[in-house]
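Hello,

Here is the structure I promised to pass on. Please open it first, then read my notes below.

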Amino acid sequence: MKHELFYKEPKSLLNKGTGFLTGYTHSLNPYGGCSFGCSFCYVRQMPIQLFRKQEWGSWVDVKQGAAAIFEKELRKAKSKGPVTIFMSSSTDPYQPVEYKEKVTRSLLEVMVNYPPDFVLVQTRSPLVTRDIDLLLLLKEKVRVSMTVETDREDIRKQFTPDAPPVGGRIRALSKLREAGISTQATIAPVLPSSEQFPELLARVVDRICIDDYYMGDGSGGKRTSRMGLRAKYEELGLLDWYHPAAYQVVYERMRAAFAEDKIGISQNGFMP
């Protein structure tokens with residue numbers, strides 16, 4: 001899908017952690033919109049998209065001057081108490097535009113100078129490995145959470161055709177782990193996968209998070225249902241996977257490869 005870039009000058013970068021992110025003091029989004037345009041993305045049903053005329057995935061707002069604004073906000077927030085940051089809640093910080101614009105990198109540079117108490121970097125892009133130098137400087141204060149919804153590339157192409165291939169994400173996790181950076185694989189939302197999925201993840205991460213449409217879209221699955229995903233599952237003959245209990249299949253499989261305390265479910269799995 002082609003996408004259009006818009007350059008915006010935001011008034012603020014840090015947002016108070018609320019709802020699903022109440023475990024964090026703040027959320028941080030380097031961009032508005034996301035060119036990966038995943039079919040199941042709950043942001044499709046949020047105001048940032050509902051009030052836009054363009055299709056989700058076809059536009060990206062680049063936040064100009066983000067680092068300078070963020071530095072002021074971060075220093076102020078730190079003066080008031082502990083700061084924990086979820087990056088990002090409604091965009092991917094390493095979507096393709098980041099190659100050129102480097103907004104995310106500029107924000108990490110600020111955090112190196114003024115470290116938050118903790119930052120979780122949530123992405124599905126191998127581009128995150130470009131910033132290993134900065135992530136290492138944040139030491140134990142950072143964790144990279146790589147979304148890996150499935151180990152099946154045929155399924156990935158059906159639901160997230162514009163997102164990075166599964167193999168690239170696994171290689172990125174391996175590279176991050178070898179560098180000594182805290183990582184986790186986030187199976188969110190749970191998509192149909194094979195019985196070999198746990199073994200694949202166990203080679204590259206020590207912990208995982210499992211989430212689905214019903215627990216993780218912020219509305220008990222109502223946002224997701226409005227996007228017509230059930231029809232997609234039905235078309236592919238995968239209705240057994242479109243069910244509130246489907247995540248338990250993956251959970252039981254993962255228990256064979258990961259200790260119980262290394263498996264997080266929904267909100268708990270994203271916490272600092």
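Strand β7 covers residues 118-123 and is mostly covered: six of its six residues are buried. This is from a predicted model. F118, L120 and Q122 point one way from β7. V119, V121 and T123 point the other way. All of them are buried.

Next, the partners of β7. β6 pairs with β7 in the parallel sense, over four bridges. Between β7 and β8 the chain passes through helix α5, residues 132-138. This β-α-β crossover is right-handed.

Now move to Q95. Where does Q95 sit? Its place is the loop between β6 (84-87) and α3 (98-101). Is Q95 buried or exposed? Q95 counts as buried because its relative accessible area is 0%, and the cut-off for buried is under 20%.

What does the side chain of Q95 reach? It reaches the backbone nitrogen of S35 at 2.9 Å. A polar atom of the Q95 side chain also lies 3.3 Å from the backbone oxygen of G33. Leaving aside neighbours within four places in sequence, Q95 is in contact with Y31, G33, C34, S35, F36, V60 and L127.

Over to you.

Best wishes

Definitions and conventions. Residues are numbered from 1 along each chain as its sequence is written. This is a predicted model: local features need pLDDT of at least 70, side-chain atom pairs count only at pLDDT 80 or more; totals for chains, interfaces and linings use all residues. Side-chain values use heavy atoms; hydrogens and water are left out. Helices (H or I, at least four residues) and strands (E, at least two) are DSSP runs, numbered from the N terminus. Buried means under 20% relative accessible area, exposed over 50%, partly exposed in between (1.4 Å probe, protein chains only). A polar contact is a pair of N or O atoms within 3.5 Å; within protein, one must be able to donate a hydrogen and the other to accept it, and residues adjacent in sequence count only if both atoms are side-chain atoms. Contact means heavy atoms within 4.5 Å. Two strands pair if DSSP finds at least two bridges between them. A crossover is right-handed if, with the strands pointing away from the viewer, the path from the first strand over the helix to the second runs clockwise.
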